[in-house]
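Here is a short report on a model with more than one part to look at. Take a moment with the view below, then read on.

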Amino acid sequence: MATIQPIAENEQHPDIALVERVRAGDVAAYDTLVRKYDRQVFRIAQHITQNREDAEDVVQDAFLKAYEKLDQFQGNSKFYTWLVRIAVNESLMRLRKRRTGRMVSIDEDIETEEGSVPRDLADWAPDPEQNYTQAELAEILRKTIQGLPQGFRVVFVLRDVEGLSTEETAETLGLSVPAVKSRLLRARLQLRERLTRYFRKKKGAEQ
Amino acid sequence: MTCTEFLAQLDELIDDSVTAQMRADLQEHLRGCEHCEVTLSTTRKTIEIYRSHEIYDLPAGLRDRLHKAIMERCKKGC
């Protein structure tokens with residue numbers, strides 16, 4: 001599994017040099033940053049808006065906004081984390097528009113006890129993905145994560161899929177570290193339980 | 001250690017941020033508890049499966065179109 005290597009304190013993240021070049025008027029350097037992170041921004045936007053058109057708009061708006069506001073980027077957080085925060089806000093704004101002004105926040109729909117205690121404890125088949133085609137598997141994973149409450153889904157995506165640290169996730173979402181931890185645990189357990197429906201070991205099957 | 005206590009440490013265990021003593025205690029619990037063993041292994045697998053499969057791919061055509069639109073606006077100073 002890919003791990004994200006931490007950057008040593010005294011080592012400058014390569015994005016900082018790119019940001020400096022953009023600030024000095026080098027638009028091509030921004031081109032590099034967009035290509036580096038557009039897929040991640042698109043994924044995050046899809047997970048939050050659950051709508052492809054909205055996600056496309058978010059990619060465009062988030063990168064334009066980041067370009068406009070680049071002077072406000074302090075460099076005490078990573079450029080990527082700063083960009084993700086803009087993308088999350090743009091995604092929530094899109095949701096609000098679509099839901100005609102109803103307040104939407106990442107605190108929505110999390111009043112549930114589901115997933116705090118695992119109920120379905122069936123073990124999974126070895127390499128359960130192999131029982132499905134890539135397309136079927138993608139559909140299962142999409143359907144399963146879409147069923148999570150928004151506030152759990154965003155935490156899981158930022159933390160486990162996009163590789164932000166707990167602290168970065170908290171900062172990005174404006175949540176406390178304990179709140180991120182509690183949501184992450186419940187998100188992981190709920191996803192696990194929901195996936196068990198597809199991946200459980202068949203009765204009588206041995207490894 | 002009870003299963004509830006084990007569960008409270010599950011994320012730390014998965015993220016490898018437990019102390020050596022805590023890790024030993026958790027492993028001791030796992031040796032006698034099949035339920036927690038299954039919860040741990042399938043939760044790990046859940047994370048791995050979401051990390052390794054692209055479920056919202058950005059197709060090349062769409063990527064180029066978005067990219068062009070962003071860069072055109074940036075060149076004009078947004």
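This is a predicted model. Where do the chains touch? Contact joins 29 residues of chain B to 37 residues of chain A. On chain B, three helices each supply at least two residues of the touching side: α2 (10-14), α4 (34-52) and α5 (60-75). Which of them gives the most to that side? The answer is α4(B), with 12 residues. By residue type, the side of chain B that touches chain A splits into 15 nonpolar, 7 polar and 7 charged.

Now look at helix α2 (residues 27-49) of chain A and its partner α5(B). Their axes come within 11 Å. They cross at roughly 150 degrees. Angles over 145 degrees count as roughly antiparallel, so α2(A) is roughly antiparallel to α5(B). The crossing of α2(A) and α5(B) is right-handed.

Which residues meet there? From α2(A) come Val27(A), Tyr30(A), Asp31(A), Val34(A) and Asp38(A). From α5(B) come Arg63(B), Leu66(B), His67(B), Ile70(B), Met71(B), Cys74(B) and Lys75(B). The residues of this contact divide into 7 nonpolar, 1 polar and 4 charged.

The table sets out the make-up of the two groups of residues.

**Chain A on its own**

Chain A has 8 helices and 0 strands. From the N terminus on, its elements run α-α-α-α-α-α-α-α. Chain A holds 207 residues, and buried residues make up 38% of them. How far apart in sequence are the contacting residues? Among contacts in chain A with a separation of 6 or more, 71% join residues 24 or more positions apart.

**A closer look at Ile16(A)**

Ile16(A) sits in helix α1 (residues 14-23) of chain A. Why is Ile16(A) classed as partly exposed? The reason is a count: 14 other C-beta atoms lie within 10 Å of Ile16(A). A buried residue needs 20 or more, and an exposed one has 12 or fewer, so Ile16(A) falls in between.

Ile16(A) and Val155(A) are 139 residues apart in sequence. In space, they are 26 Å apart, C-alpha to C-alpha.

Key: Residues are numbered from 1 along each chain as its sequence is written. Chains are lettered from A and ligands numbered from 1 in the order in which they are written. This is a predicted model: local features need pLDDT of at least 70, side-chain atom pairs count only at pLDDT 80 or more; totals for chains, interfaces and linings use all residues. Two residues are in contact if their C-beta atoms, placed from the backbone, lie within 7 Å. Helices (H or I, at least four residues) and strands (E, at least two) are DSSP runs, numbered from the N terminus. Ala, Val, Leu, Ile, Met, Phe, Trp, Tyr, Cys and Pro count as nonpolar, Asp, Glu, Lys and Arg as charged, and the others, Gly among them, as polar. Axes are lines fitted to C-alpha atoms, for helices over the stretch in contact, and angles run from 0 to 180 degrees between N-to-C directions. Angles under 35 degrees count as roughly parallel, over 145 as roughly antiparallel, 65 to 115 as roughly perpendicular and the rest as oblique. A crossing is left-handed if the near helix is turned anticlockwise from the far one by less than a right angle, and right-handed if clockwise.
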